[in-house]
Amino acid sequence: MGNKAAFFDVDGTIISTKSMVSFARYLELNTSDAINVTALSLFLKRLYAKLSTDEARADLNRHYFSIFKGVSQAEVEKAAEEWYAEMEQAGDFYIASTVTEIKRLQAEGYSIVLVTGSFAPLLSPLIKRFNIDAALHTTPETIDGVYTGEVIGSPCIGETKRTRILRYALDNNIDLAASWAFGDDDSDLPMLKLVGNGVRIDPVAAY
């Protein structure tokens with residue numbers, strides 16, 4: 001018998017916002033010479049509202065990271081910490097029912113794994129907050145600590161979530177039939193169908 005894990009989408013599942021869109025809006029309101037993403041949040045909002053296929057979301061995801069070309073990774077990480085601290089002050093940032101599930105499954109010995117199209121700077125504070133074991137996410141390329149604007153591999157969306165979980169399960173001896181997955185969107189279905197206990201929660205994510 002293998003180990004057991006619980007896989008969680010993030011946006012609209014653990015937190016009540018689209019992290020990348022919210023972060024872009026934060027950057028627009030707190031612009032600096034180091035990070036300039038003028039009008040990005042409005043652009044993303046329109047696209048997220050209109051595009052729903054995995055292919056479209058993947059293209060959007062890649063475009064998002066192209067905006068950071070030439071920006072210091074350290075600057076983005078600093079801004080992400082500040083964004084998270086501001087968002088956490090909002091009483092409705094976390095989805096309470098999901099937080100309850102995370103704590104329950106942790107108590108029952110499950111490894112908790114985030115599976116998301118978002119990226120590490122926006123996930124690190126969440127990982128610390130809930131003592132998350134691992135995160136499968138989109139990885140923007142950096143060279144010498146600077147974003148190139150490209151993405152390494154495929155954005156962690158749709159079928160790629162399924163592929164990443166399969167690889168993680170193989171590497172960590174995870175019994176997927178005994179595992180859980182939580183998501184709120186059609187793009188999470190490949191992940192939810194992969195495990196013995198797939199739970200689709202009511203979509204509550206806002207911009």
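Helices (H or I, at least four residues) and strands (E, at least two) are DSSP runs, numbered from the N terminus. By this convention the chain has eight helices and seven strands. The structure is a predicted model, in which local features need pLDDT of at least 70 and side-chain atom pairs count only at pLDDT 80 or more, while totals for chains, interfaces and linings use all residues. Residues are numbered from 1 along each chain as its sequence is written, and side-chain values use heavy atoms, with hydrogens and water left out.

Five of the strands form an open sheet with parallel pairing, in the order 3-2-1-6-7; two strands pair if DSSP finds at least two bridges between them. Strand 3 (134–137) and strand 7 (197–200) are the edge strands, each pairing on one side only. On average, neighbouring strands of the sheet are turned by 15° against each other, direction ignored; the axes are lines fitted to C-alpha atoms, for helices over the stretch in contact, and angles run from 0 to 180 degrees between N-to-C directions. Within the sheet, strand 1 (residues 5–8) runs parallel to strand 6 (residues 180–183) and is joined to it by three bridges. Phe-7 stands opposite Ala-181 in strand 6. Helix 5 (residues 96–107) lies across strand 1, strand 2 (111–116) and strand 6, at about 160° to strand 1.

A separate pairing involves strand 4 (residues 139–143) and strand 5 (residues 146–152), which run antiparallel and are joined by four bridges. Here Thr-139 stands opposite Ile-152 in strand 5. The two strands form a hairpin with two residues between them, and Asp-144 in the turn has a positive phi of about 55°.

The loop between strand 1 and helix 1 (19–29) contains Thr-13. This residue has a relative accessible area of 0% and is therefore buried; buried means under 20% relative accessible area, exposed over 50%, and partly exposed in between (1.4 Å probe, protein chains only). Leaving aside neighbours within four places in sequence, Thr-13 is in contact (heavy atoms within 4.5 Å) with Ile-95, Thr-98, Phe-182, Gly-183, Asp-184 and Ile-201. Asn-172, found in helix 7 (residues 159–172), counts as partly exposed because its relative accessibility is 33%. Asn-172 and Lys-4 are 168 residues apart in sequence, yet 9.4 Å apart in space, C-alpha to C-alpha.

Of the 207 residues of the chain, 48% count as buried. In soluble globular proteins, nonpolar side chains tend to be buried together. A nonpolar core is a set of buried Ala, Val, Leu, Ile, Met, Phe, Trp, Tyr and Cys residues joined through side-chain atoms within 4.5 Å. The largest has 38 residues, of which Phe-8, Phe-23 and Leu-126 touch the most other members. Helix 4 (residues 73–88) supplies the largest share of this core, six residues. Apart from this core lies another, of 17 residues, among them Ala-5, Val-113, Cys-156 and Ile-174.

Finally, a search of the whole structure finds two cavities of 30 Å³ or more. On a 1 Å grid over the protein atoms alone, a cavity is a set of points where a 1.4 Å probe fits but cannot get out, and lining residues have an atom within 4 Å of a point. Grid points are joined across faces, edges and corners, and a volume is the space filled by probe spheres set on the points. The largest cavity holds about 220 Å³ of space. It is lined by 18 residues, of which Asp-9, Asp-11, Arg-57, Gly-117 and Ile-157 are the closest to its centre.

How values were computed:
1 Å grid on protein atoms, 1.4 Å probe; cavity = no way out; pocket = protein on both sides within 12 Å on 5 of 7 lines; lining within 4 Å.
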